[in-house]
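Reader: I am new to this structure and would like to learn how to read its features one at a time. Could you take me through a few of them?

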Amino acid sequence: MTDTAVPPRKRLFIRTWGCQMNVYDSGRMADVLAPLGYGPAETPEEADMVILNTCHIREKAAEKVFSDLGRLRVMKEAKAEAGQKMVLAVAGCVAQAEGKEITARAPWVDIVLGPQTYHRLPEMVARASRAAGAQIDTDFPVEQKFDHLPEPAASQGPVAFLTIQEGCDKFCSFCVVPYTRGAEFSRPVAAILAEAKALVAGGAREIALLGQNVNAWHGEAPDGSTWNLTRLLYALAELADLPRIRYTTSHPRDMDEGLIRAHGAIPQLMPFLHLPVQSGSDRVLAAMNRGHKADLFLRICDELREARPDMALSSDFIVGHPGETAEDHAATMKLVERVGFALAYSFKYSQRPGTPAAGQPFQVAEDVKDARLQELQALLRQQQDGFNEDCVGRECEVLFTNPGRHPGQVMGRTPWLQPLHAEAPLSLIGTTARVRVTVRHPNSLRATLLDQKELALA
Ligand code: SF4
């Protein structure tokens, strides 16, 4: 853990967009700046340094960053007039992809840094404080950032994230990750296990392993051998006081048999998997360069349910990829009907500059994309509601994570990632307990505690 015995002298505000990887990175940037005297600020107004940790996946991501930068410019100027300084940094995938444009369009930005260079942040802050002109670092340095970042500073609470893998070599036609996060990199076994133990010691009872291609992870073990994700999961399952393990995001191509079997063999592995398929049409999957067919995805789903009968599945869909026909869309609908998803994220295809699909002919008209997305989302919503409804009356184990909105209520999550609240003492936070689900709300569940003597205090 980072020693922050010196009380914070400066305030840091980080705004985070996008995936859990970015949330994790924001935490690490805060860790790396703590020794420089930076503590958390509640708002950008009260901050001496603001970092926008950006995501490039969705349409207009860059525009949102620029409009935020416009507001921050006003704040920065007001502070300057009052004789105060505000360091402004843009990090993450928009910084990586559009670093030069950021400094050209927003010269009041002090630091632009890509996801692989966070460990250089203190040096860049020091230079930005001295020099005029933006500091840009969007390299993919040979030395890996993980070697240079400090141990995570604070406990993440009962649910913790642990990045084990970064980058991607798969080059899906619509995705910027291989360009912004670089080639696949797997952290070594010893570093991951050490971090996991520290997280558990800090109170984590659920660890979610993160990676853009988490099931492609292959880390070097201390004896020089290479472990795959399955082996790592078995090792994590040996840790005392860690009743829950998850991993995300996976690619169907890397779901091998051992990993599927692990879902039946490791009780700590939660019965919920996010496995993006994107489309149910082989023609579109080929155009997307996904490297698998719909059949493989269906087979994996069946085998996962065979290994773990209470397995719930979640996925990502892109509607309206260039060249997608009505038949292709129908194939996606058919796949969704066949699998039945507990949760899903679906989006209209949007042209990401620099990706192969952006330049392809036969872009699908917006109104067609809208109609297809509506149809797909209606079915996915129906499946999600049905899944949650089926949970009513069921008993399950819940990890309590934080106080609820109302006095006497505690929030938690089920094994299937559903948010849940129950009348329960706050002392249950950070522990697992058995509940019976009583009510389904639109986006959460209500439950009653079962015999309190059964509480599995950690
Ligand atoms: S597998 Fe495809 S969608 Fe996922 S990060 Fe890699 S390129 Fe992007």
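Predicted model: local features only at pLDDT ≥ 70, side-chain atom pairs only at ≥ 80, totals over all residues.

Reader: Where does UniProt place the feature "binding site"?

Author: UniProt positions follow the numbering used here, feature names are shortened, and annotations may be inferred rather than shown by experiment. The unreviewed UniProt entry places "binding site" at Cys19, Cys55 and Cys93. These residues are spread over 75 residues of sequence, yet they cluster in space, with a largest C-alpha distance of 11.0 Å.

Reader: Is cysteine 55 buried, exposed or partly exposed, and what is it in contact with?

Author: A residue is buried if 20 or more other C-beta atoms (placed from the backbone) lie within 10 Å of its own, exposed if 12 or fewer, and partly exposed in between. Cysteine 55, in the loop between strand E3 (49–54) and helix H2 (61–81), counts as partly exposed because it has 19 C-beta neighbours inside 10 Å. Two residues are in contact if their C-beta atoms, placed from the backbone, lie within 7 Å. Leaving aside neighbours within four places in sequence, the contacts of cysteine 55 include Cys19 and Cys93.

Reader: How should I read the packing of H2 and H3?

Author: Two packed helices are described by the angle between their axes and the distance between the axes. Axes are lines fitted to C-alpha atoms, for helices over the stretch in contact, and angles run from 0 to 180 degrees between N-to-C directions. The axes of H2 and helix H3 (residues 92–105) come within 11 Å and cross at roughly 45 degrees. H2 is therefore oblique to H3, since angles under 35 degrees count as roughly parallel, over 145 as roughly antiparallel, 65 to 115 as roughly perpendicular and the rest as oblique. Ala61, Ala62, Val65 and Phe66 in H2 meet Val94, Glu98 and Arg105 in H3.

Reader: Is tyrosine 118 buried or exposed?

Author: Tyrosine 118, in the loop between strand E5 (111–113) and helix H4 (121–130), is buried because 26 other C-beta atoms lie within 10 Å.

Note on methods
Residues numbered from 1 in each chain as written. Helix = DSSP H or I, 4+ residues; strand = E, 2+ residues; numbered from the N terminus.
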